[in-house]
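Me: I have a chain to go through and want quick answers. Take me from the overall fold down to single residues.

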Amino acid sequence: MTKDWNTRTKLVHSGARRSQYGELSEAMFLTQGFVYDTAEQAQGRFDKLGEDEFIYARYGNPTVAMFEDRIAEIEGTEAAFATASGMAAVNAALTCLLKAGDHVVSAKALFGSCLYVLEDILARFGVEITLVDGTNMDEWKAAVRPDTKVVFLESVSNPTLEVIDLKSVCDLAHENGATVIVDNVFATPVFSRAVELGVDVVVYSTTKHIDGQGRCLGGVVCGTKEFIRGPFETYTKHTGGAMSPFTAWVMLKGMETLDLRVRAQAESALAMAKTLEGHDKLERVVYPFLASHPQHDLAREMMEEGGTVVTLIVKGGKEGAFRFLNALTIPTISNNLGDAKSIVTHPATTTHYRLPDEQKVELGIEPGLVRFSLGLEDVRDLIADVENALKAV
Ligand SMILES: *Cc1c(COP(=O)(O)O)cnc(C)c1O
């Protein structure tokens, strides 16, 4: 019945379970284990878990289950499984499906650790990886083959904000029998239409917008019951990537305000992008909902808003970018995003420092590139601060 609710209502109520005490706020069941009235009941639980039955927190926990049910409803999937971090989610989603000899096609503009899982770990176990320019459908068509098992991509890339045509990639993958896994952080669960466009498995680092207040690491994987309760759950419950009940409780409370927060942040992002476009200290302003963005029409089709991050290419390369960062007074220099506090990052020397220079060039991670994650501050203050800091460039 809750399927008929709109997003904000679901974010506040979906998945909630009350104990016998009738608590208003979701309870934190900070327990790793569960007890049984009789030996027969214990045997019965291990034999076949019923709904709302738990045996061990690595397998499931009531607070974690509330969070999983809530996000599955928002994403529009049958089920979800919460993990200890975004990377635990990405790693498990890929690894649980792959074996030696399998072929994976992935967009190459990826979060550094995702690239490591593909190119270092999975390749070491005999999985063949083909990387493509995600915005070029011809490259996808040339790479996906009948033996391709998994197609992996970030719907909006970090930090270059390239938008990938999810529908076309999903159609191509499905014609070849492949499963599409999308790392969907930049689209956020609120703006995402990934499932509607054909994506099979949607992964979030809940560390970002879902917590949204910089407290806990977490991840979640959304998909069909067959995938989540099948290969994903089996892999995760035995390898130990489960989310802690405390983290799940923080994420549940974060979900209540998720829609309000990301809409406010996206509104600020668009306002900042529009104001700064054409500024004489900037080479470029990149934001999916600016008409100048190369995949602008696609972005508007695929997402309800342009997201909460604006990418600025500051003139003067690294020196220009550093002068700008050091002159800002409101945003903090950090490497998170999606937070209530505005955060600025210089990817070339932090999040992406490990990449060789030629790979940075290929991925568009220029020395002057600054990633600006819009927080919940008044955007007029943020714009004034940015305009002032650009004078130092
Ligand atoms: C942050 C992030 C991750 C990793 O998530 P953690 O919670 O830090 O493990 C993966 N993919 C993308 C796109 C991210 O932004």
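Predicted model: local features only at pLDDT ≥ 70, side-chain atom pairs only at ≥ 80, totals over all residues.

Me: Which radius of gyration does the protein chain have, and what would a compact globule have?
Reply: The chain has 393 residues, and a compact globule with that number would come near 21 Å. The C-alpha atoms fill a box of roughly 75 × 50 × 35 Å along the principal axes. The protein chain agrees with the globule value, because its own radius of gyration is 21 Å.

Me: What share of the residues is buried?
Reply: Buried here means under 20% relative accessible area. By that cut-off, the buried part of the 393 residues is 53%.

Me: Among contacts between residues at least 6 apart in sequence, what share joins residues at least 24 apart?
Reply: Contact means heavy atoms within 4.5 Å. Of the contacts between residues at least 6 apart, the share that joins residues at least 24 apart is 73%.

Me: Which residues lie nearest the centre of the largest pocket?
Reply: The largest pocket has a volume of about 970 Å³. Its lining counts 35 residues. Those nearest the centre are R17, E51, D52, D69 and R229.

Me: Which element gives the largest share of the lining of the largest pocket?
Reply: Two or more lining residues come from each of α2 (39-47), α3 (62-75), β1 (79-83) and α9 (225-239). The largest share is six residues, and the element that gives them is α3.

Me: Which elements give two or more residues to the lining of the second largest pocket?
Reply: About 520 Å³ of space lies in this pocket. Its lining has 27 residues, with M87, F111, S113, N158 and K208 nearest the centre. The elements that give two or more residues are α4 (86-95), α5 (112-124) and β6 (201-205).

Me: How many charged residues line the second largest pocket?
Reply: The lining has 12 nonpolar and 10 polar residues. The charged ones number five.

Me: Where on helix α13 do its buried residues sit, and which exposed residues are on the face turned away?
Reply: Helix α13 spans residues 317-327, and its buried residues are G320, A321, F324 and L325. They cover an arc of only 130° around the axis, so they sit on the same side of α13. The face turned away from that buried side carries the exposed residues E319 and N326.

Me: Which elements do the buried residues of α13 pack against?
Reply: The partners include the strands β9 (309-314), β10 (332-333), β11 (343-345) and β12 (369-373). A helix is also among them, α15 (379-390).

Me: Where is the cis peptide bond between N158 and P159, and what is its omega?
Reply: P159 is in the loop between β4 (148-154) and α7 (166-175). N158 is one of the residues nearest the centre of the second largest pocket. The bond from N158 to P159 is cis, with omega near 0°.

Me: Is L161 buried or exposed, and what is its phi?
Reply: L161 is in the loop between β4 and α7. It counts as buried because its relative accessibility is 1%. L161 is not a glycine, yet its phi is positive, at about 55°.

Me: Where does D52 lie, and what is its phi?
Reply: D52 lies in the loop between α2 and α3. At a relative accessible area of 48%, D52 is partly exposed. D52 is also one of the residues nearest the centre of the largest pocket. It is not a glycine, yet its phi is positive, at about 60°.

Me: Which residues is T135 in contact with, leaving aside its neighbours within four places in sequence?
Reply: T135 is in the loop between β3 (128-132) and α6 (137-143). It counts as partly exposed, at 33% relative accessibility. D165 is 30 residues away in sequence, with 7.1 Å between the two C-alpha atoms. Leaving those neighbours aside, the contacts of T135 are E162, V163 and Q295.

Definitions and conventions
Residues numbered from 1 in each chain as written. Heavy atoms only, no water. Buried < 20%, exposed > 50% of the residue type's maximum accessible area, 1.4 Å probe, protein only. Helix = DSSP H or I, 4+ residues; strand = E, 2+ residues; numbered from the N terminus. Arc of directions from axis to C-beta. 1 Å grid on protein atoms, 1.4 Å probe; cavity = no way out; pocket = protein on both sides within 12 Å on 5 of 7 lines; lining within 4 Å. Points joined across faces, edges and corners; volume = space filled by probe spheres on them. Nonpolar A, V, L, I, M, F, W, Y, C, P; charged D, E, K, R; others polar. Rg over C-alpha atoms; globule rule 2.2 N^0.38 Å.
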